[in-house]
Amino acid sequence: MAFSSSAAIVALALALLALSGGTSAQLSKNFYSKSCPKVFDTVKSVVRSAISKERRLGASLLRLHFHDCFVKGCDGSILLDDTSSSRGEKTAGPNNNSVRGFEVIDAIKSKVEAACPGVVSCADILTIAARDSVVILGGPFWDVKLGRRDSKTASLSAANSGVIPSPSSTLSSLISTFQAQGLSAKDMVALSGAHTLGKARCISFRDSIYNDSNIDSSFAKAKQRNCPRITGLGDNNLAVLDFKTPEKFDNNYYKNLINKKGLLHSDQVLFNGGSTDSLVRRYSQNDKTFDSDFVAAMIKMGDINPLTGSKGQIRKNCRRAN
């Protein structure tokens, strides 16, 4: 009896420790309420201005946040430039000539530093900018949790290690890649809905439009006109990911999949007779369900291994460690 009582006390202590030490518990919606109360307005004004000049930048900022979080957590490491002694994540296979929007983050950081020097991390700026991009382009609003600090280093090898899903991924590969980050298959399908925005390069969808069988033939032929079959020709030619409403955050991405008009192989595998078909159907029929599941998944993704407390630093310049 004494043993079970002691065990219960230990279990309770461990539970309390887990609650106080959990990553999400260290992030807070009100983290900057006193130290930088204008941070949200400052970020939003720069993001809105950038998107008004080029709508695609909304998708780019959202993708930057995703690619940051999937490599050793949401720590702003993707923003670091290469140095003479180390290569960062910008030139990794999934990012090279592909991720963009760094100048927008620079502009935000400059304005935030002017308002609250040395307070707001680049990782948090990226998190807020991703949320604001979704909202500005017609998507749902959510309160972002903040308090991340910035990494001092980036890792080319980590970014190249397969943690970022490839456009040629199978369904099982997508599920396992997201599960490795603590994200469920449902989170994966909801986050894939970010492809309601943005564009992809021919090199990313060439194989699917010429070789996949689960693609609408007229849709494939239309895409082939701007994406030659031969590797090296037109590799960087762009096509929108959602051909219906490419600059609006909505659920048309899922409607496209049901009609076999997903641009990337990794898009169409979500609706191809597999375990995620029912979710794609549900999101295609109910945009509110999609919005709420997308928000929940974004918040979970933002909780991946943040640096908090005394870990990391608050970079003065997002492109280099202090």
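This is a predicted model: local features need pLDDT of at least 70, side-chain atom pairs count only at pLDDT 80 or more; totals for chains, interfaces and linings use all residues.

Entry 1: A disulfide connects Cys202 to Cys227, with the sulfur atoms 1.9 Å apart. I read the torsion about this S-S bond as about 75°, so the disulfide is right-handed. The two cysteines sit in distant parts of the chain, 25 residues apart, with Cys202 in helix H9 (residues 202-211) and Cys227 in the loop between helix H10 (217-224) and strand S2 (238-240). I checked Cys227 as well, and it is also buried, with a relative accessible area of 0%.

**Entry 2: Cys122 and Cys318.** I then turned to the disulfide that joins Cys122 to Cys318, where the S to S distance is 2.1 Å. The torsion about this S-S bond is about -95°, so I noted the disulfide as left-handed. The pair links distant parts of the chain, since Cys122 belongs to helix H5 and Cys318 to the segment after helix H14 (287-302), 196 residues apart. Both ends came up buried when I looked at accessibility, with a relative accessible area of 0% for Cys122 and of 2% for Cys318.

**Entry 3: Cys36 and Cys116.** Next I followed the disulfide between Cys36 and Cys116, which has an S to S distance of 2.0 Å. I recorded this link as right-handed, with 75° about the S-S bond. Cys36 lies in the loop between helix H1 (2-21) and H2, whereas Cys116 lies in the loop between H4 and H5, so the pair ties together parts that are 80 residues apart in sequence. Cys36 is buried at a relative accessible area of 1%, and Cys116 counts as buried at 7%.

**Entry 4: the cysteine tally.** How many disulfides does the count come to? I get four disulfides, taking cysteine sulfur atoms within 2.5 Å as the rule. With the bonded cysteines counted along the chain, I wrote down the pattern as 1-4, 2-3, 5-8, 6-7.

**Entry 5: helix H2.** I asked whether the length of H2 fits its residue count, and at 1.5 Å a residue the 15 residues of this helix (residues 39-53) should span 21 Å, which agrees with the 22 Å between its end C-alpha atoms. I listed its buried residues as Val39, Thr42, Val43, Val46, Val47, Ala50 and Ile51. They cover an arc of only 155° around the axis, which puts them on the same side of H2. These buried residues pack against helix H3 (56-69), helix H4 (102-115) and helix H5 (122-136). On the face of H2 turned away from its buried side I found the exposed residues Asp41 and Ser52.

**Entry 6: the whole chain.** Stepping back, I counted 14 helices and two strands in the protein chain. For 322 residues a compact globule would have a radius of gyration near 20 Å, and the 21 Å of the protein chain agrees with that. Its C-alpha atoms fill a box of roughly 65 × 55 × 40 Å along the principal axes. Buried residues account for 49% of the 322 residues. Of the contacts between residues at least 6 apart in sequence, 75% join residues at least 24 apart. I put the accessible surface of the protein chain at about 14,800 Å², with 53% belonging to carbon and sulfur atoms.

Key
Residues are numbered from 1 along each chain as its sequence is written. Side-chain values use heavy atoms; hydrogens and water are left out. Helices (H or I, at least four residues) and strands (E, at least two) are DSSP runs, numbered from the N terminus. The expected span of a helix is 1.5 Å times one less than its number of residues. Buried means under 20% relative accessible area, exposed over 50%, partly exposed in between (1.4 Å probe, protein chains only). The arc is that of the directions from the helix axis to the C-beta atoms. Contact means heavy atoms within 4.5 Å. The radius of gyration is taken over C-alpha atoms; the globule rule is 2.2 Å times the number of residues to the power 0.38. Accessible areas come from the Shrake-Rupley method with a 1.4 Å probe; for residues, only the protein chains shown count as cover.
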